[in-house]
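Here is a short tour to read alongside the sequence and the model on your screen. Keep the viewer open, and turn to each spot as it comes up.

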Amino acid sequence: MPHSPVLPPASPSTSLPAARGLAVTELELGYGPHTIVQGLSLDVPPEGFTVIIGPNGCGKSTLLRALSRMLKPRSGAVTLDGADLAGQRTKQVARRISTLAQAPATPTAITVADLVARGRNPYQSILRQWSAADDEAVSRALAEVEMTEHAERLVEELSGGQRQRAWLAMALAQETPILLLDEPTTYLDISHQVDVLDLCSRLHAGGRTLVAVLHDLNLAARYATHIVAMRGGEIVAQGPPDELITPALLRQVFDLEALVIEDPETGRPLIVPRDTRPHASRLDTSLPDASRPTPRREPLAAEQESA
């Protein structure tokens with residue numbers, strides 16, 4: 001790996017190899033004697049932005065580790081385009097799937113450019129040394145996350161949001177069609193959370209398949225094209241946010257009593273946890289009806305029977 005490569009002006013992103021399908025079949029995962037996921041099957045929508053939600057300990061990050069081949073299944077299979085990942089060479093997989101781990105440890109005394117350059121490792125070999133094409137890939141990745149001007153800064157000097165962008169640029173430098181993100185907004189303030197997810201949305205719009213684990217349900221509903229809801233190592237439900245996010249699902253998955261209303265900014269579902277305190281204040285009833293949010297209610301039993 002070169003030291004701080006000279007970065008030419010960013011050029012339009014090269015076309016990525018097609019990603020027809022990442023899937024898992026009858027997957028069993030665990031650590032030591034503990035089984036976390038059992039009998040799970042999932043087809044990841046190609047070129048979608050899939051977000052996995054669920055309570056702590058339900059197996060979200062464990063499933064993502066299996067998708068990235070960081071965790072070997074006890075049984076079942078993870079496949080890419082129908083081929084078992086376990087039988088593919090490491091560099092072959094790394095050219096198709098890149099991963100942004102949760103809170104990665106930053107090496108000391110490394111510049112942003114050097115960190116991003118590590119994303120080119122899958123393309124290096126005895127016969128293929130660092131080239132101008134690698135410089136261009138690093139340049140494009142830095143430009144995509146708007147970190148070009150910070151290329152020569154030490155990663156340890158960056159703010160939390162900038163550091164997350166640098167790690168994301170390293171994943172982008174792999175030039176893979178599939179990007180896996182394990183809680184990419186962890187430890188970030190709300191402004192930087194939105195910045196990172198806006199960037200992920202642009203990457204998705206550019207043709208990448210994204211799979212992310214998120215804890216913030218409202219951010220998941222805002223950015224995802226497909227949501228997978230998990231509990232107890234199983235998939236409870238999956239589908240588009242508009243159809244999936246309901247009071248009944250929140251109750252089933254999170255034991256949460258909440259209203260689901262329409263986000264006035266995006267039209268997506270917006271979750272408002274009910275205030276169950278005995279003396280909690282309520283919505284000001286003096287507001288005109290037009291000013292009050294309209295909840296997305298579940299149909300009554302009589303309505304379901306007549307449908």
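## Around Tyr123

Leaving aside residues up to four places away in sequence, Tyr123 touches Arg95, Arg128, Asp134, Gln174 and Glu175, where a contact means heavy atoms within 4.5 Å. Tyr123 sits in the loop between helix H3 (112-117) and helix H4 (132-144). Helices (H or I, at least four residues) and strands (E, at least two) are DSSP runs, numbered from the N terminus. With a relative accessible area of 14%, Tyr123 is buried; buried means under 20% relative accessible area, exposed over 50%, and partly exposed in between, with a 1.4 Å probe and protein chains only. From Tyr123 to Asp134 the distance is 8.6 Å, C-alpha to C-alpha, and the two are 11 residues apart in sequence.

A word on the ground rules: this is a predicted model, in which local features need pLDDT of at least 70 and side-chain atom pairs count only at pLDDT 80 or more, while totals for chains, interfaces and linings use all residues. Residues are numbered from 1 along each chain as its sequence is written, and side-chain values use heavy atoms, with hydrogens and water left out.

## The chain as a whole

The protein chain has 10 helices and 12 strands. Of its 307 residues, 44% are buried. Among contacts between residues at least 6 apart in sequence, 68% join residues at least 24 apart.

## The largest pocket

How big is the volume of the largest pocket? It is about 460 Å³. The search runs on a 1 Å grid over the protein atoms alone, and a pocket is an open set of points where a 1.4 Å probe fits, with protein on both sides within 12 Å along at least five of seven lines; lining residues have an atom within 4 Å of a point. Grid points are joined across faces, edges and corners, and the volume is the space filled by probe spheres set on the points.

The lining of the largest pocket has 20 residues, and the closest to the pocket centre are Ala94, Ser98, Thr99, Met170 and Gln174. Helix H2 (90-94), strand S6 (97-100) and helix H5 (160-173) are the elements that give two or more residues to this lining. The largest share, 4 residues, comes from S6. By class the lining holds 11 nonpolar, 7 polar and 2 charged residues. Here Ala, Val, Leu, Ile, Met, Phe, Trp, Tyr, Cys and Pro count as nonpolar, Asp, Glu, Lys and Arg as charged, and the others, Gly among them, as polar. Domain 1 (22-96 + 176-273) and domain 2 (106-175) each supply at least three residues to the lining; the domain bounds come from an automatic or database domain assignment.

## Buried spots

Helix H1 (residues 60-67) is largely enclosed by the rest of the structure, because 6 of its 8 residues are buried. Those buried in H1 are Lys60, Thr62, Leu63, Leu64, Ala66 and Leu67.

Thr50 belongs to strand S3 (residues 49-53). Not counting residues up to four places away in sequence, Thr50 touches Val44, Pro45, Leu210, Val211, Ala212, His226 and Val228.

| Residue | Relative accessible area |
|---|---|
| Thr50 | 2% |
| Cys58 | 2% |
| Cys200 | 0% |

The disulfide count comes to 0, taking a disulfide as a pair of cysteine sulfur atoms within 2.5 Å.

## Positive phi angles

Most residues other than glycine have a negative phi. Which way does the phi of Glu47 go, positive or negative? Glu47 has a positive phi, near 60°. Glu47 lies in the loop between strand S2 (34-44) and S3, and is exposed, with a relative accessible area of 53%. Just after H1, Arg69 also takes a positive phi, of about 70°.

Ala109 has a positive phi of about 55°, although it is not a glycine. Ala109 is placed in the loop between S6 and H3 and is exposed at 61% relative accessible area. Leaving out residues up to four places away in sequence, Ala109 touches Leu154 and Glu156.
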